[in-house]
Amino acid sequence: CRRAFRAGLAEAAALSDAQSALYPMDVGGAAFHTRTEVLHRHEGMLSAMASDDFGHEVEGAGCVFIDRDPTWFPLVLHFMRTGVALVPEDGAG
C-alpha cells in the first residue's frame, strides 16, 4: 500500500513538473501552448522570451502576449518542434 502511494506521489510530481514547463502564449488573440524546451531549441526571440532572464508582462489569463498575426504561428511551432519548415501554398499561384 505504501509502495503504491509513493509511486502515485512520484507520478504526480512528474506531472506537476511537466505542467510547469508549459509556456502559454497569446499570439494576436489566439492561445498557443508549448513546452519551454521547444522554445529553447532554436535561438531567437521566442527562446529569449522563455528564458528566466527575459522580463515580460503576463496577461490576465497567464499568457505572454505576442503582437503578431496568429495565422502562421502554428507553422513556427511546428518548425521548432520538428525542425521541418512547412511553407503554405500561395493563393495567387
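Which residue in S3 is the bridge partner of Val-27? In the predicted model examined here, local features require pLDDT of at least 70 and side-chain atom pairs count only at pLDDT 80 or more, whereas totals for chains, interfaces and linings use all residues. Residues are numbered from 1 along each chain as its sequence is written, and side-chain values use heavy atoms, with hydrogens and water left out.

The bridge partner of Val-27 in S3 is Ile-66. Helices (H or I, at least four residues) and strands (E, at least two) are taken as DSSP runs and numbered from the N terminus. Strands S1 and S3 pair in the parallel sense over 3 bridges, where pairing requires that DSSP find at least two bridges between two strands. In general, the strands of a sheet pair through backbone hydrogen bonds, in either a parallel or an antiparallel manner. The open sheet is formed by 3 strands in the order S2-S1-S3, with mixed pairing. Strands S2 and S3 (64–66) stand at the edges with a single partner strand each, so one side of each lacks a neighbour in the sheet. From one strand to the next, the twist averages 30°; axes are lines fitted to C-alpha atoms, for helices over the stretch in contact, and angles between N-to-C directions run from 0 to 180 degrees.

Helix H4 lies across S1 and S2 and runs at about 5° to S2. Within H4 (residues 73–82), Phe-73, Leu-77 and Met-80 are buried (under 20% relative accessible area, with exposed over 50% and partly exposed in between; 1.4 Å probe, protein chains only). These residues lie on the same side of H4 because they cover an arc of only 60° around the axis, the arc being that of the directions from the helix axis to the C-beta atoms. The buried residues of H4 pack against strand S1 (22–27), strand S2 (30–35), helix H2 (36–39) and helix H3 (45–50), with contact defined as heavy atoms within 4.5 Å. Just after H4, Gly-83 adopts a positive phi of about 80°.

Ser-47, located in helix H3, is buried, with a relative accessible area of 13%. Apart from neighbours within four places in sequence, Ser-47 contacts Leu-39, His-40 and His-42. Ser-51 is placed in the loop between H3 and S3. A polar atom of the Ser-51 side chain lies 2.7 Å from the backbone oxygen of Ala-48.

Note on methods. A polar contact is a pair of N or O atoms within 3.5 Å; within protein, one must be able to donate a hydrogen and the other to accept it, and residues adjacent in sequence count only if both atoms are side-chain atoms.
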